Every structure is written in structure tokens, then in C-alpha cells.
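Q: I am new to this structure. Can you show me how to read its features, one at a time?

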Amino acid sequence: MGLTTNDIFVMISTMNKQKNSAEQIIDRFGGQSSLATLLGRRQSTVQHWAQTGRIPSQWHKPLLALARKRGVSLEPDDFVTRETPKIEPAEGRLGVLLVGLGAVSSTVIVGVEHIRRGTGKPFGSITQMSTIRLGKRSEKRTPLIKDFVPLASLDQLVFGAWDPIPDNAYESAVKCGVLNREQHIEPIADYLKTIEPMPAVFDSGYVKRIKGSNVKKARTKLQLVEAIREDIRNFKASNKCDRLVMIWCASTEKFVTASSVHQDLQSFLKGLKENDERIAPSQMYACAALLEGIPFANGAPGLTVEIPAFEKMAKERNVPICGKDFKTGQTLLKTVLAPMLKARMLGVDGWFSTNILGNRDGEVLDEPENFKTKEESKLGSLEYIFQPEMYPDLYGNAYHKIRIEYYPPRGDNKEAWDNIDIFGWLGRRMQIKVDFLCSDSSLAAPLVLDLALFLDLAKRAGLGGIQEWLSFYFKSPQHAPVVYPEHDLFIQQTKLKNTLRWLMGAEQITHLGMEYYRED
């Protein structure tokens with residue numbers, strides 16, 4: 001019999017434990033014998049460092065000087081011994097609770113089922129298709145991420161959902177029209193029909209363009225939160241799930257800002273009892289998830305889990321949370337193109353972006369209050385990437401405009417068009433034009449899968465609170481208050497992969513590479 005994923009995980013963990021911080025430093029100098037010779041010491045001295053996992057402080061400065069002389073990557077921080085988190089194995093069933101059973105959720109569910117049956121490929125999924133480099137480039141160690149970290153397998157996933165519209169997953173997939181009915185939907189129709197949405201917590205004041213009949217009724221918002229918690233427990237029990245994650249895949253709510261009711265849990269619970277209108281449905285789902293100890297991610301741009309009350313609760317209860325608003329189309333391109341322009345110190349006069357789409361999301365965003373929420377999320381990335389206060393000559397007067405138009409004939413096939421006015425050497429004006437025709441939900445689906453698996457990993461690793469390493473997936477990354485959000489897609493990718501290396505006790509990749517060119 002072949003090795004299971006957990007067998008491989010145990011082997012990797014054992015191997016990684018053999019490489020403590022002292023051994024990693026010694027290896028950078030070519031091993032124990034080589035370092036002993038360079039220092040003019042007996043090999044037994046260096047061997048003792050490796051065995052104890054600690055290099056005495058009096059050797060830190062000499063080693064740093066030697067590293068600089070020989071082009072070895074070494075920083076003072078490298079001498080600090082770190083314990084990597086203990087990760088619980090991914091055993092049993094993982095329930096994936098989706099708030100909303102519309103285009104995104106039905107596309108996720110259809111896709112995962114086809115991949116499980118061997119009739120589809122997980123294109124776009126980092127957890128399923130991406131590799132991760134370990135060690136030096138010359139070592140050519142690049143396992144798949146899913147073979148390197150102990151993720152739940154797709155066969156372990158069980159889907160559940162809430163939606164104010166009573167359509168089951170089959171009916172939703174057909175109506176949304178994202179996937180080919182004959183090729184993708186009908187072959188798994190029986191399975192899709194078993195996934196029926198639980199009655200949703202819904203407030204038409206937050207999403208005026210949707211009318212729903214599959215809605216929970218209660219006297220207070222606190223009772224609605226308790227009803228969601230009961231749904232969670234019932235789903236977990238009836239589906240024999242060992243763990244759960246929750247992801248908001250529903251429509252964009254109207255624009256609101258944090259207020260007094262969002263500052264602490266006591267104020268929030270008081271607001272729930274008093275039916276405070278400042279508490280949105282998404283916040284009620286997030287509250288229920290955190291109270292149940294379930295990781296939560298927000299795929300829409302509304303104010304949800306980033307309020308102070310929830311950030312504190314997530315940290316205290318050791319529950320992973322992360323950013324908001326899936327980075328799928330136009331903003332994905334912006335976080336690639338903007339870093340390119342900044343890297344080359346090319347200036348920007350203006351960036352005009354417009355979108356047309358015809359799905360339910362487009363209809364909701366046709367409402368000015370809801371568009372405002374999306375606009376705020378989409379506007380932020382360029383300012384943080386360009387840093388106009390640091391580069392006023394290049395970006396101080398850049399004009400950034402965003403429009404989203406509802407155009408029903410397009411359905412889920414969004415068109416994102418950008419006009420970028422740039423300037424270069426001696427102020428020479430130039431233009432970049434981008435026309436991105438894409439399926440919004442097809443781009444979002446693999447993000448939902450990745451977030452479900454990575455949030456479950458974070459929970460099993462004991463990582464509570466904000467998971468900034470998952471910024472890669474969001475237009476609005478969640479971050480510590482003492483730092484600015486990182487929007488550059490490739491910095492986000494580096495952070496994600498280095499976090500996975502850290503979790504597994506592997507060496508960080510800095511891309512310095514001086515060791516390839518040093519003298520023997």
C-alpha cells in the first residue's frame with residue numbers, strides 16, 4: 001500500500017524537526033566540517049551547536065561577519081530558535097458552510113464534485129495545483145502544496161448553505177448559467193439536488209434588489225444568531241463532520257462603517273438584543289461562527305469580521321479570520337500591473353476602470369448603496385501599492401475612477417476594461433489598455449476551495465485571529481493595526497508560501513541566492 005497524506009505529513013514533520021535553527025545556519029556554510037575550518041575551531045564545537053540547536057551569542061557577530069564576507073544569507077533573526085506549531089492531522093469530515101447558494105457557491109460545489117469523480121481539473125486552485133520550492137534552487141525540491149502541508153482532501157468535504165432563495169444547488173447552478181448544463185450539471189444532478197439551502201438570515205434593507213422567501217423569522221437579531229448556531233450544530237451532527245469552516249459567498253451589502261455597536265462583544269450583543277439597524281446579516285453569521293469556534297472568511301466587501309469586537313473575539317477564542325472581497329478579476333490584474341509600474345518607477349496620471357456584468361451580483365451593485373461598498377474595496381489597492389506620499393512625483397496626482405454597470409445579457413460573463421495613463425523618461429506620456437472578459441464565478445470558485453482548506457489548516461495549527469498570509473485571496477486584506485495592508489500579488493504569494501514553510505519547519509526562501517556565486 002502507498003503512503004497516505006498523513007503518513008507523508010508525519011515523515012516531513014520528523015525530517016523538519018531534525019533541522020533546528022543552528023543546523024540550518026551551519027548548512028549555509030557548507031556543513032559542520034566546513035564551518036569549523038572557516039572559524040578555525042574543532043568540528044566538535046560546531047557539532048555541539050547542531051546537537052543543542054543553539055549557537056552561543058558570542059559567536060553571532062563573527063558568523064554574521066563571515067556570512068557577509070562569503071555572500072551567505074544570514075540575519076540576526078536567524079539565530080532565534082523557533083518552535084513550529086503543532087498541526088493536528090486532517091482526519092474526518094470537513095464541513096464547508098457557504099452563506100449564499102448562488103453563482104459562486106453552486107460553481108464551487110459542482111466543480112469539487114467533478115474533481116472528486118475524476119471528470120474535472122482544479123484549475124485556478126493553489127491548494128490543488130501549485131507547487132512550493134524547498135531549499136536551494138539547485139536542489140530541485142518542489143512538491144505540490146497539498147503533498148507538503150496536511151490539508152483535508154476533497155473527499156472529506158461536505159457542503160451546506162443558507163440562501164433566502166429556496167433553490168437547491170442543482171436549480172441554482174442551472175439558473176445562474178455559469179457552467180455548461182449538459183457537460184457539468186446534469187451528470188451530477190442527483191447529488192446537487194441533495195444540497196438544499198437552510199433558511200437564511202436576510203434583511204432587504206441591506207440588499208434591496210433581492211426578494212427572498214426562504215428566510216428566518218425571529219423577534220430579535222440575537223435570536224437569529226442563535227438560530228444560525230443551531231443550524232451549525234445540526235449540520236455538523238447530521239453530516240458527521242469533525243470540523244467546520246464558514247465562507248460568505250452572498251451578495252454585497254449596503255455600505256456601512258464601524259460604529260459604537262461594533263467596538264466590543266458586550267456592545268454587539270446588546271445591539272443584537274435591541275435589533276440595532278447597524279448590525280448587518282453578514283455580521284450575524286460571523287458572530288455565530290466565532291461563537292462556535294469556526295473559521296470565517298468574507299467573499300464580499302461588506303463590513304463584517306474586521307470590526308474590533310470580532311477581531312478581539314477571534315484572537316481570544318483562537319479562531320482564524322481573514323480579509324474580505326474575493327480578488328478575482330479587475331483588481332487581480334491591478335495588483336499585478338501596479339507593482340510592475342512602481343518597480344520600474346513609471347508614473348501614473350490616471351487609471352479608469354469600468355465593469356459590465358449581468359448576474360445577481362451585478363443587479364445588487366446597481367443599487368448605489370451597495371455599489372459604494374464595492375467601490376471602497378476596489379479603490380484601496382492602488383493607493384497602498386503606489387504609496388503616493390512616498391513618491392509624489394510619480395503618483396501624487398493619479399486619478400482613479402471605478403464604474404460597475406448592470407447589463408443583464410452578459411450574465412456571469414463579466415467584462416472589465418481599464419485605461420491607464422502613464423508617463424516615463426522626461427515625462428513622455430503613454431497608455432495601457434486592458435480588456436478582461438471573464439467568468440466571475442469561475443474565478444471565485446477555486447478561491448473558496450483554497451480558503452476553506454487553508455482556514456482549516458490554520459485552525460488545526462492553533463493559529464487564531466487575523467491570518468494575513470491569506471491576503472493573496474482578497475481585495476481588502478485584513479491586517480494588524482500597526483501595519484498597512486499588502487496588496488502586491490507577488491508579495492502576498494511569497495508571504496503565503498513562506499507561512500506554509502514556517503508551519504512545516506522548512507527554511508524560508510529569500511531569493512538572495514548569493515550562495516550560488518560564492519567561491520569554494
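**Reading the features**

A: Begin with a loop. Lys140 is placed in the loop between helix 7 (126–129) and helix 8 (145–148). Keep in mind that this is a predicted model.

Q: What is phi of Lys140 near?

A: Phi of Lys140 is near 55°, a positive value in a residue other than glycine.

Q: Is Lys140 buried or exposed?

A: Look at the relative accessible area. For Lys140 the value is 73%, and over 50% counts as exposed, so Lys140 is exposed.

Q: Where is Gln387, and what is its phi near?

A: Gln387 sits in the loop between helix 18 (368–386) and helix 19 (392–395). Its phi is near 50°, again positive in a residue other than glycine.

Q: Is Gln387 buried or exposed?

A: The relative accessible area of Gln387 is 13%, and under 20% counts as buried, so Gln387 is buried.

Q: Now the sheet. How do strands of a sheet pair?

A: They pair through backbone hydrogen bonds, either parallel or antiparallel. Here, an open sheet has four strands in the order 7-6-8-9, and the pairing is mixed.

Q: Which strands stand at the edges?

A: Strand 7 (399–406) and strand 9 (429–439) do. Each has a single partner strand, so one side of each has no neighbour in the sheet. From one strand to the next, the twist averages 10°.

Q: In what sense do strand 8 and strand 9 pair, and over how many bridges?

A: Strand 8 (residues 413–423) pairs with strand 9 in the antiparallel sense, over eleven bridges. Take Asn419 as a case: its bridge partner in strand 9 is Lys433.

Q: Which strands does helix 16 touch?

A: Helix 16 (residues 330–343) packs on the sheet and touches strand 6 (347–357), strand 7, strand 8 and strand 9. The direction of helix 16 makes about 165° with that of strand 6.

Q: And where does helix 20 lie?

A: Helix 20 (residues 440–460) lies across strand 6, strand 8 and strand 9. Helix 20 runs at about 80° to strand 9.

Q: Next, rings. How many aromatic pairs are there?

A: The count comes to 13 aromatic pairs. Check the angle between the planes: over 60 degrees counts as edge-to-face. Trp248 and Tyr285 have ring centres 5.9 Å apart and planes at 65°, so this pair is edge-to-face.

Q: Where in the chain are Trp248 and Tyr285?

A: Trp248 is in strand 3 (residues 243–248) and Tyr285 is in helix 14 (residues 281–291). Trp248 counts as buried at 5% relative accessibility. Tyr285 counts as buried at 1%.

Q: How are the rings of Phe454 and Trp469 placed?

A: Their centres are 5.4 Å apart and their planes are at 65°, so the pair is edge-to-face. Phe454 lies in helix 20, and Trp469 in the loop between strand 10 (465–466) and strand 11 (474–476). The pair ties together parts that are 15 residues apart in sequence. Phe454 is buried, with a relative accessible area of 0%. Trp469 also counts as buried, at 5%.

Q: Which residues do ring pairs link into a cluster?

A: Trp351, Phe386, Tyr391 and Tyr395 are linked in this way.

Q: Last, charges over rings. Which ring does the charged end of Lys193 sit over?

A: The ring of Tyr170, at 4.7 Å from its centre. Lys254 lies over the face of Tyr206, 5.0 Å from the ring centre.

Key
Residues numbered from 1 in each chain as written. Predicted model: local features only at pLDDT ≥ 70, side-chain atom pairs only at ≥ 80, totals over all residues. Heavy atoms only, no water. Pairing = 2+ DSSP bridges. Helix = DSSP H or I, 4+ residues; strand = E, 2+ residues; numbered from the N terminus. Axes fitted to C-alpha atoms, helices over the stretch in contact; angles between N-to-C directions. Contact = heavy atoms within 4.5 Å. Buried < 20%, exposed > 50% of the residue type's maximum accessible area, 1.4 Å probe, protein only. Phe/Tyr/Trp six-rings, centres within 6.5 Å; stacked < 30°, edge-to-face > 60°. Lys NZ or Arg CZ within 6 Å of the ring centre and 35° of its normal.
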